[in-house]
Amino acid sequence: MTPLAVTACTATSAMGSGLAAQFDALAHARSGLRPNDFSSAPLACWIGRVEGVEDFALPAALAAWDCRNNRLAWLGLQKDGFIERVHAARARYGAARVALLLGTSTASIGATEEAYRRLDADGGIPDDLLRPAIHAPHSLAAFVAAALALEGPCLTVSTACSSSAKVFASAERMLRLGLADAALVGGVDTLCDSVLFGFNALELVSPEPCRPFDRARNGISIGEAAGFALLERVEAAPQAPRLLGYGESSDAHHMSTPHPDGLGAELALNDALARAGLDAAQVDYINLHGTASQKNDEVEAALVARVFPPRTRASSTKGFTGHTLGAAGILEATVALQAIEHGLIPGNLGGDTPDPSCGAQFAWRNEHRRVDVALSNSFGFGGNNACLAFARAGVAA
Amino acid sequence: MNALRVWVEGVGLWSPQLADFAALRALLAGAAPAPPPPRPAAATLPPNERRRAPESVLLAVEAAGQAVAMSGHDAAALACVFASSHGDQAITDYMCATLAQAPAELSPTRFHNSVHNAAVGYWTIATGCHAPSTAICAQRASFGAGLLEAAGLALAEQRAVLLVCSDTAGSGPLDEVTRCRQSFGCALVLAPQAGAAALARLDLALQAGAAIDTPLPAPLDDWRAGNPSAASLSLLALLAARGGRCELAAAATLGLRIDMEHVA
């Protein structure tokens with residue numbers, strides 16, 4: 001495919017707010033996980049919580065959108081000069097020519113949970129939460145469209161944990177077809193009881209900080225994050241890093257466990273490599289989905305071992321942030337872009353006793369080397385898979 | 001360019017009053033079609049899944065199955081775009097109520113069925129479909145945004161795409177903010193080229209600014225007001241009438257003008 005320029009990006013997670021804080025955490029192998037101090041009832045687990053979301057107010061004009069998820073979105077948009085870059089794109093192309101494509105798994109369901117915890121005397125939604133737009137899964141994208149005065153195509157992708165990877169694919173198609181000249185992509189998911197108690201009910205939550213690809217791993221840690229990227233045609237920014245390709249597939253196997261042979265994951269990977277015009281051997285770094293669930297890590301480690309040579313380095317960064325669900329795609333895309341920018345392969349934090357299925361590709365500790373091509377894997381419930389391919393400007397595909 | 005041309009090869013429809021697209025056609029021709037049984041048949045699902053599946057999944061799968069059967073395509077080969085403004089409202093209501101009372105008792109099955117892509121997940125599993133599949137939403141513009149996404153996918157990838165848009169009726173306190181009065185689901189199979197199965201040609205053009213809903217006759221206007229997925233009725237009525245123009249919301253501040261021409 002014709003590559004696109006990633007002309008701006010930003011991320012906020014338990015690693016910190018903004019790219020500099022994220023890089024500092026990665027460079028110092030510093031996890032952002034902490035004991036659960038969030039859920040409305042006790043639950044013994046670790047979480048990746050963003051500091052200060054609850055103290056951060058939306059501007060008065062946007063108060064109708066107030067909820068934790070939209071606060072985190074707004075907090076994230078303030079970092080790395082990202083809003084200014086969006087405003088510049090809007091001025092350059094026109095508000096109707098900038099597409100807004102965001103991924104989320106649960107959007108602002110936390111606000112609906114809160115409404116149910118304090119229903120009014122008639123059993124209805126309390127007056128202060130009687131705001132229909134925040135009780136719909138489109139809440140996030142509708143809020144960002146209103147906050148940034150964008151008037152182009154606007155869509156929420158909600159395919160669980162692949163959501164904010166798949167928005168890159170939608171954006172590429174829209175730019176290719178001329179439906180937009182730039183696309184703001186990204187995703188936000190926030191901690192809420194639904195995911196903490198939901199994954200707990202599935203017996204997928206670890207009582208300890210998650211240990212991706214560790215022999216003794218025993219489940220995920222849930223986190224929250226906001227991340228955004230601006231995609232434009234390469235001519236607009238020839239020196240910017242590039243989206244070279246993407247892949248999407250369906251497992252057609254099971255709602256909550258991956259295909260045992262990694263069939264869908266491999267289809268998505270092959271699709272991404274084919275669109276990018278790359279051989280697996282040209283991939284320098286792959287940021288894995290690596291949730292620390294038994295099944296995901298087993299299947300994904302086998303895929304890495306059978307497709308990539310040892311020189312390709314691979315790691316999960318869920319040990320830094322927890323699994324940020326619908327925001328994982330964009331968050332880990334920014335980690336892949338930082339690997340290219342800084343020549344840092346982040347070590348697979350939490351994997352102290354490697355699972356025997358892991359090959360020589362795994363970077364268990366930080367490594368410093370040039371990265372020209374980096375992939376990011378994101379897999380979701382329902383067997384929904386996505387893989388993104390990024391490269392330094394000028395790397396021939 | 002801001003215009004897209006695609007061909008409709010199959011249409012599916014289910015609501016408490018309309019069993020399929022033929023029933024809409026009959027209604028618009030002045031007949032009184034028999035309403036379907038209260039639970040969508042969703043025959044594409046294996047019997048076990050059909051018994052256990054939530055209503056939101058049955059509704060989407062029923063509409064999808066009708067459209068794919070009409071198109072003659074192998075479901076396994078179709079890329080999928082499933083749109084819904086609210087997802088499974090009964091499960092959201094159950095989850096929020098349970099979390100407020102006894103969070104540790106949350107059902108694991110209801111949790112994994114709560115994801116917005118549950119319907120497309122069950123569909124791809126039932127049909128053995130490994131093609132790209134997505135689940136999207138855009139509030140009351142969910143059908144228009146889904147149509148734009150599906151038409152874009154069909155043209156960009158030169159492959160046939162299954163578009164489904166469905167919402168169930170509201171449940172519990174949540175109903176106060178979703179205001180879905182009844183279930184409505186529809187589906188289209190879209191192709192990038194005029195093939196033997198083509199029923200109609202659609203020319204889609206983006207229109208800056210909020211869309212103005214195309215007027216609809218009763219009772220379609222009421223149905224449209226009572227379910228965000230029924231915004232599709234503007235287009236479905238054109239398909240039934242074999243031609244014309246309508247306008248739909250593709251986003252809060254973006255319209256989609258659709259010119260439809262009947263084929264053969």
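The lining of the second largest cavity splits by class into 10 nonpolar, 8 polar and 2 charged residues. Keep in mind that this model is predicted. The second largest cavity holds about 190 Å³ of space. It is lined by 20 residues. Closest to its centre are B:Ser56, B:Ser84, B:Gly87, B:His116 and B:Ala119.

Which elements build this lining? In chain B, α3 (55-71), β2 (79-83), α6 (118-127) and β4 (161-167) each give two or more residues. α3(B) contributes the most, with 4 residues.

Now step back to the whole structure. The search finds 3 cavities of 30 Å³ or more. The largest cavity has a volume of about 430 Å³. Its lining counts 32 residues. Those closest to the centre come from both chains: A:Ser105, A:Thr106, A:Ile109, B:Thr92 and B:Ser114.

Helices of both chains take part here. α4 (109-117) and α7 (193-201) of chain A, and α4 (89-101) of chain B, each supply at least two lining residues of the largest cavity. α4(B) gives the most, with 4 residues. By class, the lining of the largest cavity has 16 nonpolar, 15 polar and 1 charged residue.

Go back to β2(B), one of the elements that line the second largest cavity. Is this strand buried or exposed? 5 of its 5 residues are buried, so β2(B) is largely enclosed by the rest of the structure. In a regular strand, side chains alternate between the two faces of the sheet. In β2(B), B:Ala79, B:Val81 and B:Ala83 point one way. B:Cys80 and B:Phe82 point the other way.

β2(B) has parallel partners. It is joined to β4(B) by 5 bridges. It is joined to β3 (residues 133-137) of chain B by 4 bridges. B:Val81 shows both pairings. Its bridge partner in β4(B) is B:Leu163, and in β3(B) it is B:Thr134.

Turn to chain A and find A:Arg49. This residue sits in the loop between β4 (46-48) and α2 (68-77) of chain A. Its relative accessibility is 14%, so A:Arg49 counts as buried. What does its side chain meet? A polar atom of the A:Arg49 side chain lies 2.9 Å from the backbone oxygen of A:Asp37. Leaving aside neighbours within four places in sequence, A:Arg49 is in contact with residues including A:Ala14, A:Arg34, A:Phe38, A:Arg68, A:Leu191 and A:Glu224.

Finally, look at the backbone. Most residues other than glycine have a negative phi, and most peptide bonds are trans. The peptide bond from B:Ala218 to B:Pro219 is cis, with omega near 0 degrees. B:Pro219 is in the loop between β6 (200-208) and α9 (220-225) of chain B.

A:Leu325 is not a glycine, yet its phi is positive, about 55 degrees. A:Leu325 lies in the loop between α10 (318-321) and α11 (328-342) of chain A. At 3% relative accessibility, A:Leu325 counts as buried. B:Gln139, also not a glycine, has a positive phi of about 50 degrees. Look for B:Gln139 in the loop between β3 and α7 (142-157) of chain B.

Notes: Residues numbered from 1 in each chain as written. Chains lettered and ligands numbered in written order. Predicted model: local features only at pLDDT ≥ 70, side-chain atom pairs only at ≥ 80, totals over all residues. Heavy atoms only, no water. 1 Å grid on protein atoms, 1.4 Å probe; cavity = no way out; pocket = protein on both sides within 12 Å on 5 of 7 lines; lining within 4 Å. Points joined across faces, edges and corners; volume = space filled by probe spheres on them. Nonpolar A, V, L, I, M, F, W, Y, C, P; charged D, E, K, R; others polar. Buried < 20%, exposed > 50% of the residue type's maximum accessible area, 1.4 Å probe, protein only. Pairing = 2+ DSSP bridges. Polar contact = N/O pair within 3.5 Å; in protein donor to acceptor, adjacent residues only side chain to side chain. Contact = heavy atoms within 4.5 Å.
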